[in-house]
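Hi,

Here is the model I promised to pass on.

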Amino acid sequence: MLSLLDSIGYGEWILHALLWLPLVGMVLVLMGPEARAKQLAFVWSLVVLGLSLGLWWAFDPGIGTFQFESSIPWIASWGVSYAVALDGISLFMVMLTAFTTAVAILGSFNYIKKHERAFYALMLLMETGVIGVFISIDLFLFYVFWEITLIPMYFIIGVWGGERRIYSAVKFFLFTAFGSLLMLVALLYLFFAAQAISGEPSFAYQALLNVPLSLQEQLWLFGAFCLAFSIKVPVFPFHTWLPDAHVEAPTPGSVVLAAVLLKMGAYGFLRFLLPFFPAAAQHPTVVTLMMVLGIIGIIYTAWVAAVQPDAKKLVAYTSVAHMGFVVLGIFALTVNGLQGGLMVMISHGISTGALFLLLGMMYERRHTRLIADFGGIGRVTPWFATAFMITALTSIGLPGTSGFVGEFLALLGTFQARPVMAIIACSGVIFAAYYMLPMVQKVFFNALEKPENKTMPDLSRRELVILGPMVALMIWIGVQPGPFLRRMEPTVHAVIEQVTGNGLQAQGGHEEEALVTFSSTSPLENEGGEEESSPTHPGDEE
Amino acid sequence: MLTEALVLSAFLFAVGTFGFLVRRNAIIMFLCIELQLNAVNLSFVAFSRYLGIEGQLYVFFVMTVAAAEAAVGLAIIISIFRHFETVNVNNFNLLKW
Amino acid sequence: MTLPLVYSALQEGHEILAAHEVAGEAFEPFLPGLVILLPLLGFILNGALALAASRRSADALRGGAELDFFEGGKRPWTHSLPTWIGPGVIGLAFLIVLVNFTRMLGADLHEPVIRHYWTWMSTGAFQVDAALQLDQLSMVMMLVVTGVSFIIHVFSVGYMGEDQGYPRYFSYLNLFVFFMLTLVMGASFLLMFVGWEGVGFCSYILIGYWFTDKAKADSGKKAFIVNRIGDLGFLVAMLLLFAGFGAFAGFGTLNFVGVFAAAPDALVYGGGVVTAITLLLLLGATGKSAQIPLYVWLPDAMAGPTPVSALIHAATMVTAGVYMVARTSVLFALAPVGGLTVALIGATTALFAATIGLAQNDIKKVLAYSTISQLGFMFIGVGVGAYAAGIFHLMTHAVFKGLLFLGAGAVIHSMHHALHHTHNDADPQDMRNMGGLRKFLPITWITMWLATLAIAGIWPFAGFFSKDEIIWMAGARAGGVSGGWYTLIWIMALAAAMITAVYMTRLMIMTFHGKNRTGQEEARHLHESPWVMTVPLMVLAFFSIFGGWINVPHAISDSFLGGFGLLPMTEWLHEWLHPIAGVATEIQAANAGAFVDRAPFGGGELLWAVLSTGAALIVVLVSARVVGGFKILPAGESPEPVGFKKVLFMKYYVDEFYDRIIVQPLIRASRFSWKVIDAGIVDGVANGLGNLARALGWFGSLFQTGSVNTYALFLAIGVLVILGVVAF
Amino acid sequence: MANFFDFLLSADFLFYVFGGVAIGSAIALVTRKSPVASLLFMVATLASLAGVYVLFEAHFLAAIQIIVYAGAIMVLFLFVIMLLNLGHDYQKDLKGGAWAIVAFVVAGGLAGVLAQQFKGTEALPIYQNAQGPEVIDALLASQGAVGAIAHPLFSDYVVAFELTGILLLVAIVGALALAKRRV
């Protein structure tokens, strides 16, 4: 397979193709006939998905640094370049994006009834934006794509959404834009700081990576970046846009939102936040704060989810809970934690995407999402119920499904760093059952009483085609996560090395400000290759 | 005499401003603007006496622009009048959102 | 990806740890992967049939008609194939286990044999393999699981034969066996956890098998959630084991072999960490094995089909906690407090549940509480360090309690048919509606009596040997450290054993003896079950009688109770499990003293064995007389229980108590979180900020009057201000 | 007596006369209700300013101030007032009350600040050292009132001058387009 890919120079053009093909598709969809828009968009997204699959083999799992790297100067005077690359963190995000987009487009065939051309064009634009976010290694480019993703989603919610779509769309936009702007400010600060050192303007990832900043600066910049990403993830107090956006968004919008857009925040944590501001990221107060927010996300949103009358809102809240595990895993700064966080991201993308698709199918049939309007429909829609059950179990992390792998690793990683936090977070397994099972019961079990439910059709062939691969993926990843974990591992190691090693470096350069210590070893002797990062008590170093 | 001329110009300018603020007849407001322009012209002329002939050149330009402005402005007032049957600016509040 | 999986299973993986050859033959496992794969295969096949069948029935339902698959006396292929697939795969698996068992019998095995298939999870610092562990303990469990499962699968063919969801039932049941085998065969804590949660899930879908009944679906959900509380303990225990806490750096592995080998050196005897680990594991065990405080789901679990109750909620799944304690015996031996807590919880549960069983009228509820009580005995066994005894009781209990449940199933089946024929809506499970059934169900009657005598602990039935040994061992620790506690446990166990005899006799008398209370018309429709149901009863009855002879201490087998050594009794199980429990026993003996060969108040093993069987016999006879003398009315005519009997009948109001202090507050807290915190505060702040911006905008718009004069004024003020700033 | 006439014809006195007339008619311009009256006062202001220009030796400007400004532009205004029939039947359009007070304060403040700033301008070194009056006088003497302006206008400022022409053209076209009745 690899030689086949090599023979067509796959690695040379694949990232550019993945990035720009959806945009070409968008133009084609816009030019094509309205009636054929959906087929065209779906076929096009399938092409992108097919191309992205090659990454699975072409990606070298032994390398922790960027692969398929290519860079073309764009705005030379500001040091902006069109630079894209892939590593173990973004690999699965890109593939997930391609997969989710194709599935979401297929899932919207019956749901979207008006302005079809525009809708599918926006979906493809979104794909470009999201893939751009995941593969950009130029901060300027990254920021451009980051903002581009806002636009299609804003319109998807605002035009094709439910009753309160305008409110939700505006809320979504404002929340995200607010964070992004702060990030832009911080980014510019970082840019000028780097320019002051190197004398050359550059937005390149590598150039901004090792900017020596004082702890004070790091904390401020960290805060700005962190806020932007936290809103996107979303982390606890910034999560309220999510339920609203999910409930009002059309099914494919929800799917993409949950499966991919939320991941951008967590991806930002991993790609930028931790490596850029290692000292801040390891600051005990920061770590504690983020972990506590993650735990609140896990437990509190599980509670809130449990009492939602609207099934879609319930699932939306569970997203927050799942992303809590991601935050926990990331800030544990251990190999297990990071890998677990990444696995949760993948698993959540698939399972929650599938849940939203399933709820969309329910809505198409009954035009309601209220749990109380259902009951006993497992009798008339057994296949549907089966698919839903498997997905729900993945969502609550039953062993053997993808959900468990991620959650367990994330908890394990967290436990290695902060045992008490991990133990509290573990209660999430109970509350997961507490929110999911009653919903499943009220919808699929109990007596089949309502006459309108008795004629609900079961899964159609198209729906089977959508759900089949998703369910298969959930179980496959659950049983054999090895290939996934193997591809992430070197990158995760590299990130941790960068963070822990660089934290020391930054400190060494600013000893007068060395308020915190992260390692018991001396900072100057140990630049770089320090693997373990046991947080010790402040003052060890003095 | 320079100071006196400048003070005179300041007073004329202030009177023009005051007129613009308190009058509602569009034509009179326009006249007030002309008054302000003339106040400025006065200071240009006064300065030119000491600093060179260019000041007078500027006055020349200002006058030209004032002429053009008067032509266009009055044309606008005419077309507004045709629409609203008045030149009272209180009736022109389309700018209010 | 499935194909390579199956392939690797058939390839037998490769051995990581070869058997230590000391003497005799090395143990060569025979297709152990297939033992697990067969039930999975059955699940997939039956599941496919179930999906096909349910699609048909759903189509019919959408057309407005209930589809009867058995219309015209014919069975469609979706409902005939599971008869062969379901029990077939389990039977095959049982045969493979038997082969392995005989091989292991002939081999000299001191170290577990690990079969590695593929690496499940692997990060830089953590690796768990999909690997199976074959040793004496897992072999015993495999025998019990596949054996009892097979019998119950066969029984189900008869019991569930007329159910519309027949293929679905078998697919669930096969899946359960798959997960149960994963639980007992997994070579690491994590794999055990996979089975652990998996059986919990299967229990959930099987309890709620008739899911259109809200009460049944509720019971399933309750079982799953309560189980998950226990799973939390297990999960945290795993984290502790791997990563450690404080001074203890963790084992860095979750493989049984690795952990147990390192544990005696890595952990301090009686230290905080190991105690915490054992207590957390115990929390997991109380959830799965229905012990105080997490037992409440098991009585409700009786909502499932009766064979399910027999298989999952009596014979196999609920004993997983006992298996786990036995498996982790090294840890429990290192943590005396953990072990003592296990025993205390076991004793309390045994006594507590037994008393509730006295006042229940539902035949399955009585058996459910009986199960909880018997599980308590097993906990006493493994808690006091008599692991072999605990496992022994697990085995005998699987047999006789399975038999009791299947017998009850036969009774219910028969009652159901009779009541169904006459359109009587009386409860077919209420013993007050039964009475005198022995005429109609002779085989069931006899076999159930045998099981009753076994559970009551009467010589020479299976339960006598296993239960007696547990009580004896509890007493035998009373001489050592914490003797007072063990004396208490011993007394509670004795009391519970006596109460067991009472409620079981009551059950038998109310069901089979006395006057028939079903009604004239109904009685004519009562008849014995088909052979496919009675044969399993007889098989189990056989083992209920003789099953206990595999582990008889010499003190008894050499005495008159063992026919002075003439009867084929051995101490086999004890020796068999020695490689597993040996380390733990040594640790315990070294630190807390060995078992003393005397009861707390004197007397040897034989004496107490005779005393207990004698007492049990007397209790059975007396209560048979007493209960036979009661005037029992059918359920519809019975008065409400009063006084303490009502407290017992209401199960000490524990469910109500939990509802009050846990469930309702949680729901209230959830609502509060949603309505007040989330919608109110968090979203309120966000919306408030938005409104603030809007208010500012409104304020700003006040200046946009549309009047030129106003704008000019602001312009002028602006100029003035700027001038002022420049000037001064 | 000659002194008195000298005084009457002296630049200082004439400046005050013209200045006083300019301010007085400017105030009248603002306060008169009739647009025609306002316009006439405007003409008066312009004329007196032209006088001031003369005092500053800007003869050419004074001339076009009278001819173009007071003559042409103001007549244009008058035409418009007549055209729109605003000559009589006018309503009171002066804003009163608080608004007028605020406007007065602002305008007064403006005047005050400006005047305060202009105080002592002559004492600034740039004016003390400037050879301005002499240079200008020499220029005027050598090239005449028109030539002094025309030379720079057609040499250094020719582009601006041409642009002004275009501006006027555009203004003519614009005015026509705006004022023309819709056909």
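**Where B meets D**

Let me start with a helix pair: helix H2 (residues 26-51) of chain B packs against helix H4 (residues 59-83) of chain D at an angle of about 175°, and their axes are 12 Å apart. Axes here are lines fitted to C-alpha atoms, for helices over the stretch in contact, with angles running from 0 to 180 degrees between N-to-C directions. That angle makes H2(B) roughly antiparallel to H4(D); angles under 35 degrees count as roughly parallel, over 145 as roughly antiparallel, 65 to 115 as roughly perpendicular and the rest as oblique. From H2(B), the contact is made by Ile27(B), Leu31(B) and Val45(B), and from H4(D) by Leu61(D), Phe77(D), Val80(D) and Ile81(D). Contact means that the C-beta atoms of two residues, placed from the backbone, lie within 7 Å. Sorted by class, this contact has seven nonpolar residues, no polar and no charged ones. (Nonpolar covers Ala, Val, Leu, Ile, Met, Phe, Trp, Tyr, Cys and Pro; charged covers Asp, Glu, Lys and Arg; the others, Gly among them, are polar.)

Before going on, please keep in mind that this is a predicted model: local features need pLDDT of at least 70, side-chain atom pairs count only at pLDDT 80 or more, and totals for chains, interfaces and linings use all residues. Residues are numbered from 1 along each chain as its sequence is written, while chains are lettered from A and ligands numbered from 1 in the order in which they are written. Helices (H or I, at least four residues) and strands (E, at least two) are DSSP runs, numbered from the N terminus.

Across the whole B-D interface, 62 residues of chain B are in contact with 71 residues of chain D. On the chain B side, the elements giving two or more residues are helix H1 (2-22), H2 and helix H3 (54-84), and H3(B) gives the most, with 22 residues. That side has 45 nonpolar, eleven polar and six charged residues. Of the four pairs of chains in contact, B and D share the most contacts.

**Chain A**

No contact joins chain A to chain B, where the closest C-alpha atoms lie 21 Å apart, or to chain D, where they lie 34 Å apart. Within chain A, strands E1 (residues 67-75) and E2 (residues 80-86) pair in the antiparallel sense over six bridges; two strands pair if DSSP finds at least two bridges between them. Ser71(A) stands opposite Ala83(A), and Ile72(A) opposite Tyr82(A). The two strands form a hairpin with four residues between them, and Gly79(A) in the turn has a positive phi of about 70°.

**Chain C**

Chain C has 28 helices and three strands. Its C-alpha atoms fill a box of roughly 125 × 70 × 60 Å, taken along the principal axes. In the contacts of chain C with a separation of 6 or more, residues 24 or more positions apart account for 79%.

Happy to chat once you've had a look.
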